[in-house]
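Dear colleague,

I am passing on a structure that I have been reading through, and I would be glad if you looked at it beside these notes.

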Amino acid sequence: MNLEQKISTTIQQAFKELFDHQLRDDQISLQPTNKEFEGTFTFVVFPFLKVTKLNPEVSGTKIGEYLTAYADVVKGFNVVKGFLNISVKETSWLDIFTQLSKNPHLGRLPKNGQKVMVEYSSPNTNKPLHLGHLRNNFLGYSVAEILKANGYEVIKANLVNDRGIHICKSMVAYQHYGDGETPDSSGLKGDHLAGKYYVIFDKEYKKQIADLIKGGSTEEEAKKTASLIIEAQEMLRLWEAGDRQVVDLWKTMNNWVYEGFEATYKKMGVDFDQFYYESDTYLLGKDIVEEGLRKGVFFKKENGSVWVDLSEEGLDEKLVLRADGTSVYITQDMGTCELKYRDFKFDKSVYVVGNEQDYHFDVLFKIMRKLGRSYGDGLYHLSYGMVDLPSGKMKSREGTVVDADDLMNEMVATAESHTKELGKIDGFSEDEAAELYETLGMGALKYFLLKVDPKKRMLFNPQESIEFQGNTGPFIQYSHARISSILRKADQIGVDYLNQGFEGLEKLEDAERDLIVVLNDFEKKIRQAGEEFSPSQVAQYLFDIAKEYNRFYAELSIFNESNPKVQSFRIALSAMTAKTIKAGMMLLGINVPERM
């Protein structure tokens, strides 16, 4: 039983004995005490005045007196209006620190026997990954790691959009303007080469539309009758019919793209356990439509199209199959959802997809529940907002999209110039310096994109993200490097801080105690982040630890401390902080340097 549980249990006993009332576990909430007041935890008594039948001060005082008498971890209390501030004995904090130090599974909760799939990335094979994909991939990877830390068995999945009219546009443009160009002959990554022809298609298609409008067509007519779009539509038809020439070109160009994606994913530091391809799944779901008709969940209109009525669920009618028997997106998503469940028998399935798809996933999940799927309640859409740069909103198809590869390279280059400027690479070899720039640049990028609540649209500021002060990845990374330096010095002078008991310490300084309080919150924060699918909780927690450690470092001496036991304790506390920062940053997919 941890400290908070002990205090909460004694509060329950106090209510039973003093007020003859049984409080439920979920009714008791302990908050960190406001820094202005003395205390560690605060219990708010206002919600319970109907039970105590006393004013707030008297209620708080009676509960505080009971805690001091019966909770062996409590040393005292004070009441400010309806806020009961509880002070914890210093021996309790030392006990907690000892337990944390001896925990071989720091930041890892016990296995819970549940399986969760996290689907993220979902790229199109007609262009390279962009800034929005970076937020998606970093979110998906981090949520998967956080769920693993919460005891889930996790499957990281990637559904690749490798077919459709957008792929055919790149293929048509390549046929017209490619002249046998390959990634090797062009010096371009395969995904960038395919993206080049997608942009060419768009430019040439717009020219054709303009010419047709000049010739008297309306814009709508021109968009439909331009020869390039007709060719792309015909190519899609031929692909679906299995035309050998078209399928061969499709395979060739897609393979170029996959090689490019692989390099990008490696640089991002993300991975996948299972790939699904839309070319394999786009015909799925029709059997589910038949099942839905049999069960009366779906209905047919006079023209033969099949619909679902979701008005009882607060939505409207939704098309699930066209009159000509062809699928719509929701059809194949129902089929893919079922396929994933058959493959892995998951308890939960998390889709990391931008908020422009909120309605689509609301419909999909309501349909699967309406069909009585056992896994229906475990479906979750991790919706996230768009990423903007200071220069304005990302654009697509005009060739001005913010490319993921370019941005990552730019971040590493910015980290290099910034680090050199601050003189933080003294004594580094060329390879060590290059590794540090990579660690800092990617850490800055990931942390900045993950520290914001996923649901919020955000502005990514590359320059701000790389700073060594403030709520940034490099600030936390630098804190870790500083502690690593302290631990190396301790080893050099022979301080044994790993095998010490700290029972004889007479008094904890405020900065020592406050650091232990924050370190003790690690598992709680991991649990919260897992429940809310929110890496921003972990990011904020790591920033709080780094701030608290820097205060500790500024206020208290380590190597000039004359009491060997105190010195050893402060080094052990530093080591525990570094261990927690490293474990937490790993949940965000961020490496930490040992020196800077």
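Helices (H or I, at least four residues) and strands (E, at least two) are DSSP runs, numbered from the N terminus. Please keep in mind that this is a predicted model, in which local features need pLDDT of at least 70 and side-chain atom pairs count only at pLDDT 80 or more, while totals for chains, interfaces and linings use all residues. Residues are numbered from 1 along each chain as its sequence is written, and side-chain values use heavy atoms, with hydrogens and water left out.

The chain holds 23 helices and 14 strands, and its C-alpha trace spans about 90 × 65 × 40 Å along the principal axes. Of its 596 residues, 53% are buried, meaning under 20% relative accessible area with a 1.4 Å probe, protein chains only.

Helix 8 (residues 190-214) has 25 residues and reaches 37 Å from its first C-alpha to its last, close to the 36 Å expected, a span taken as 1.5 Å times one less than the number of residues. Just after helix 8, Gly216 takes a positive phi of about 110°.

Which residues bring helix 5 and helix 21 together? Ile146, Leu147 and Ala149 in helix 5 meet Ile526, Ala529 and Gly530 in helix 21, where contact means heavy atoms within 4.5 Å. By class, this contact has five nonpolar, one polar and no charged residues; Ala, Val, Leu, Ile, Met, Phe, Trp, Tyr, Cys and Pro count as nonpolar, Asp, Glu, Lys and Arg as charged, and the others, Gly among them, as polar.

Terms used:
Buried means under 20% relative accessible area, exposed over 50%, partly exposed in between (1.4 Å probe, protein chains only).
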